[in-house]
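Look over the sequence and the model before reading on.

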Amino acid sequence: MATTPMRLRHTELGLSNEQVLDMYRHMLLARGVDERMWLMQRAGKIAFIISGQGHEGAQVAIAWPMRRGIDWMAPFYRSIASTLTFGMSAEDIVTAHLAKRDDVSSGGRQMPGHYGGAPYNIVSLSSPVGTQVLHAVGIAMGAWVRGDDVVTMTQFGEGTSNQGEVHEAMNFAGVHRLPVIFVCENNGYAISVPLDRQVAGGSVAARAAGYGMPGIVVDGSDVLGCYAAAKEAHERARRGEGPTLIEARVVRLTSHSSDDDQRRYRDPSEVEHLKELDPIPRFANELREAGVLTDEIDEAIRAEIKAAVNEASRNAEARPDPVVDDAHERVYAEPIPGGGTPVPLEPIDGEGAH
Amino acid sequence: MAELNIVEAVRSAMDEEMERDERVMVLGEDVGKKGGVFGATDGLFAKYGERRVLDTPLTEGMIAGAAMGAAVYGLRPIAEMQFADFVYPAFNQIVSEISRLHYRSNGTFSAPMVIRMPYGGGVHGALYHSQSNEAYFTSTVGLKVVAPGTPADAKGLLKASIRDPDPVLFFEHKKTYRLFKAAVPDGDTVVPIGKADVARTGKHLSIFCYGFMRTCALEAAETLAREDGVEAEVVDLRTLRPLDLDTVLASVEKTGKALVVHEANRFGGFGAEVAATIAEKAFEFLDGPVTRLAGPEVPGVPFHHTLEDWYMVGPARIVHEARKLAAY
């Protein structure tokens, strides 16, 4: 078979056929887990879901150059695909959404979508948006102070790009050329408010210039384009040349969350055509044209993903719920009197002591 | 035993901890070459270099948030708020992130870090360089809050705070920085967090205080003894959270009377927690109303010296309140 330009594209980036298929597999796994959790939400098993559908291409590609167990990530609430790429398992993700005792992120203490995982170098996330960007910069500062070869990436939406903490973080990283990759996943909507009501000038990447770092705009549905930008950013960081801001223009295929209905504020024709912007079929086509993906391989991968998602959700559901007796624990790393210790009260109406 | 003032004690603690543990770093505004606006980090930049003694941009939120990230990474950061009054841009990070990290991650992450908070009035700093804002933080679960009143405690408690596995807000009263020198034990002397100090024993009433109020309360106690024959016990809480309940209650059980003193305003202040706890747990021992003496209910310390003098809680007011309480 003749070499096509597409085939050249991934090999020129140093990616093998196996690696691009593995990227494709991660995207499908993220989508499969995501879709399964919507079903579980509809079935009343999961209280809430905030989706990453449409972001998978950018997330897998940008997390791909990061070294597992070495590099760090401060995620945001759509980070299903990137946390999977960083090493979390599908079962970890579903277990967290079910708020089970064994949830690696929080032991059932946080809402779904609040990713974190100490074994994976994924720092715990809260709900007020943008706070995690400072944590990423702090981790990078720690590595810089210690002279460690560690890169930290963080993700946030274009709405969050307006938070002062994000600007403080980018400025500080720029001043000291800290090894950070700032990833803005711009899906055009901050819940309901569109980009032109959120970002003056319309470009998050343009803001990088003010902080002395490159600001790169990538098509977030172009997996290899995202990978190329992330690889360069990762190498820059490791060379000591400082941070990069990558603005990935992605598509939000779902409503903001399971508590939202995007038909209230998005044009019906826009909603109708969202699927055409889906990064997964686009990457599949690219891999087919490159001669990497065939029907047989695709079917095999999809069957494998389906089985993995089934197993993950089955195992997660079988895990025990948290217990009230444990709710006072781990308030302080070193327990103190009056903090994190139960005040002995008689249970009221069958409830546990508070 | 070296004779040090409080700012020297603070500096000495940081210097020794940086010497013994290379994970310890300092970050804040002007902490580098200048050595901090109060001189607390003087000399550390030259000794440990610009990475471990890091001048940050003017962004308190970043100072706190990046310190948390560094703590997560494995460092032991000491973040300096130039004035406690400037902490509010960092409030989100301290109250919502740093305090909750351990609990929300089910104990898998923690934030061993110190935030130094130069606080307090009487320094001609007006509304925005005089605040005693400890109550915002003492009411936040997940934080420890320390407020020393002597050079020895400043040094020993700061060492303990730096080594503590949890986030500690360390309140240093600015007026005490160079107010007096006192003996500080040589060598690696750590004062444990969570232990109050009975600064003066007495039998007629207990005065609970911290920070600069220790000095004021001790002076008041001497006046009371001399002029009234009233022997006041002065309990320097030293740590506000966790509160040393055993020492507090033991003192009330002995004297039957409690006067809680702080410079911050009264309503919802830290004294309310101390007073309520005494009322709940030592009711049978009380022989007078649990009394609070606190700063006035105005939004801050006003500037002109007559106004500032009006604001400040000092020995004379403590004597006045103590006499009323002692008369019961």
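The side chains of B:Lys144 and A:Glu334 form a salt bridge, at 3.6 Å from N to O. A salt bridge here is a side-chain nitrogen of Lys or Arg within 4 Å of a carboxyl oxygen of Asp or Glu. The model is predicted: local features need pLDDT of at least 70, side-chain atom pairs count only at pLDDT 80 or more, and totals for chains, interfaces and linings use all residues. Residues are numbered from 1 along each chain as its sequence is written, chains are lettered from A in the order in which they are written, and side-chain values use heavy atoms, without hydrogens and water.

**Interface of chains A and B**
- The count between chain B and chain A is two salt bridges.
- Contact (heavy atoms within 4.5 Å) joins 45 residues of chain B to 45 residues of chain A.
- The two chains bury about 3,800 Å² between them, 63% of it on carbon and sulfur atoms. This is accessible area (1.4 Å probe) lost on being put together, summed over both parts.
- In chain B, the most area is lost by B:Tyr73, B:Tyr103 and B:Arg104, together 20% of what that side buries.

**Helix pair in chain B**
- Helix 9 (residues 245-255) and helix 10 (residues 270-281) of chain B pack at about 60°, with axes 11 Å apart. Helices are DSSP runs (H or I, at least four residues), numbered from the N terminus. Axes are lines fitted to C-alpha atoms over the stretch in contact, and angles run from 0 to 180 degrees between N-to-C directions.
- Helix 9 of chain B contributes B:Leu245, B:Val248, B:Leu249 and B:Val252 to the contact, and helix 10 of chain B contributes B:Thr277, B:Ile278 and B:Lys281.

Terms used: Helices (H or I, at least four residues) and strands (E, at least two) are DSSP runs, numbered from the N terminus.
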